[in-house]
Structures are given as structure tokens and as C-alpha cells.
Amino acid sequence: MPRTLLKSLVLGAIFLQLLACTTSSPKTTNITTPIHTSGWETALPGEQGSAIITFSLPQYATAEIQLFKGKSERTNPPIARISLTNENCTVGHLASLSTFNNSIEKIRYFEKETLWNSTHRLTLSWDNQRYLSVQLNDETIDSSLERKVDRLRLSSSHQPIYIEHIEFITK
């Protein structure tokens, strides 16, 4: 093998190794302790990532998952809200995604009810371009947001929501 070819192969291998060391891989944070809660709030772990929430909700309870920029206070309304309500339901909760743009609310509904007292998987994916994807079980709704999000709040009324598992993945 000519020396220049061997030298090129060695330099190529070194370059690929350095590239592999600098490429960032997703970071996963698990919150594995099951909890019953009527209210829980946390910072999102990065400007882009995903939250996978495994939960169940009793029949007479309602719940909201809200995304904010900054602290969630009355003076700082949510940028997006996933609602689980009992309005006009027959076997489960009616789920919807609300987004807010200049105080105008846009609501989109998931087609299937989330069955009462059953385990469900909610995946929220956000990025630094103000894009949000919400997947509830096997349905997905995508939306653009007015602002970036950095906080998540779970709340329920009438009975607590049961959070089996939360996993955050940052990119």
C-alpha cells in the first residue's frame, strides 16, 4: 500500500474518531417514582427535546398539561395546553390541544377518547424554532407556537392524576 494512501486512511480514521467525540447524543432524564398529584411543575431540560408522560386519570377527574415561558403565574398565561375533560364523553376523557397566539386560542381535538382509568402515553416534542408536536397514544397534533417554551405544569381537578413515569429527552 502506498505511503500516501496509508497516511490518508490513518488521518481519516482520526478525523472520524474526533467527529464521533464531538457529536452530541440525546440525554435522557427519568423520573420513575409513580405519583398521584393535583399539581406539579418543572423546568424543561433544554430548548429542544421531548417529554414522555405515562399516566392514568380517574373517570370524574379532569387534567391539564401546560407549557410556559417563564414561571406559570396568572400574569403569564400558558403558550400551549393539553386538556383532558369529561364534556360529552362516553367511555373516556376528551383530549384537546390549545395554542395561544396574541391572546387568540386555537383548539384542536384528538379523535379518540382517552379511556377512563387506563394507562396512556403522552409525548410532547418541542424545538427552538417554536414547534410543538403532541402525541397521545397513537394520534399526533403538530402546531407552531407564539414563543419558545421552557416549563411544564401538570394539574388535575376533582381527583389526582396518576403519573406512572416521566422521561425527558434533550437533543
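Leaving aside its neighbours within four places in sequence, which residues is Q66 in contact with? In the predicted model described here, residues are numbered from 1 along each chain as its sequence is written, local features need pLDDT of at least 70, and side-chain atom pairs count only at pLDDT 80 or more, whereas totals for chains, interfaces and linings use all residues. Side-chain values use heavy atoms, with hydrogens and water left out.

The contacts of Q66, apart from neighbours within four places in sequence, are with P78, A80, R81, R151, L152 and R153, where contact means heavy atoms within 4.5 Å. Q66 belongs to strand 5, which covers residues 62-68; strands (E, at least two residues) and helices (H or I, at least four residues) are DSSP runs, numbered from the N terminus. With a relative accessible area of 5%, Q66 is buried, a word used for values under 20%, while exposed stands for values over 50% and partly exposed for those in between (1.4 Å probe, protein chains only). The side chain of Q66 takes part in polar contacts, one of them with the side chain of R153 at 2.4 Å and another with the side chain of E64 at 2.7 Å. A polar contact is a pair of N or O atoms within 3.5 Å; within protein, one must be able to donate a hydrogen and the other to accept it, and residues adjacent in sequence count only if both atoms are side-chain atoms.

As a whole, the protein chain has 1 helix and 14 strands, and buried residues make up 39% of its 171 residues. Among contacts with a separation of 6 or more, 66% are accounted for by residues 24 or more positions apart. The accessible surface of the protein chain comes to about 10200 Å², and 52% of this surface belongs to carbon and sulfur atoms; the areas come from the Shrake-Rupley method with a 1.4 Å probe, and for residues only the protein chains shown count as cover.

When residues up to four places away in sequence are not counted, I53 touches H120, R121, L122, L124, L152, L154, I163, H165 and I166.

Charged pairs were then considered. Side chains of opposite charge can pair when their charged atoms come close. A search of the whole structure finds 6 salt bridges, each being a side-chain nitrogen of Lys or Arg within 4 Å of a carboxyl oxygen of Asp or Glu. In one of them, the side chains of R151 and E41 meet at 2.8 Å, N to O, and this pair links distant parts of the chain, with R151 in strand 13 and E41 in strand 3, 110 residues apart. R151 is buried, at a relative accessible area of 15%, whereas E41 counts as partly exposed at 28%. The side chains of K148 and E47 also meet in a salt bridge, at 3.9 Å, N to O. Because K148 lies in the loop between strand 12 and strand 13 and E47 in the loop between strand 3 and strand 4, this pair ties together parts that are 101 residues apart in sequence.

E64, whose side chain is in polar contact with that of Q66, forms a salt bridge with R81, the closest N and O atoms being 3.7 Å apart. E64 counts as partly exposed at 26% relative accessibility, while R81 counts as buried at 16%, and E64, R81 and E105 are linked in a network of salt bridges.

Some loop residues complete the description. R130, in the loop between strand 10 and strand 11, has a positive phi of about 65° although it is not a glycine. N137, in the loop between strand 11 and strand 12 (139-144), likewise has a positive phi, near 55°.
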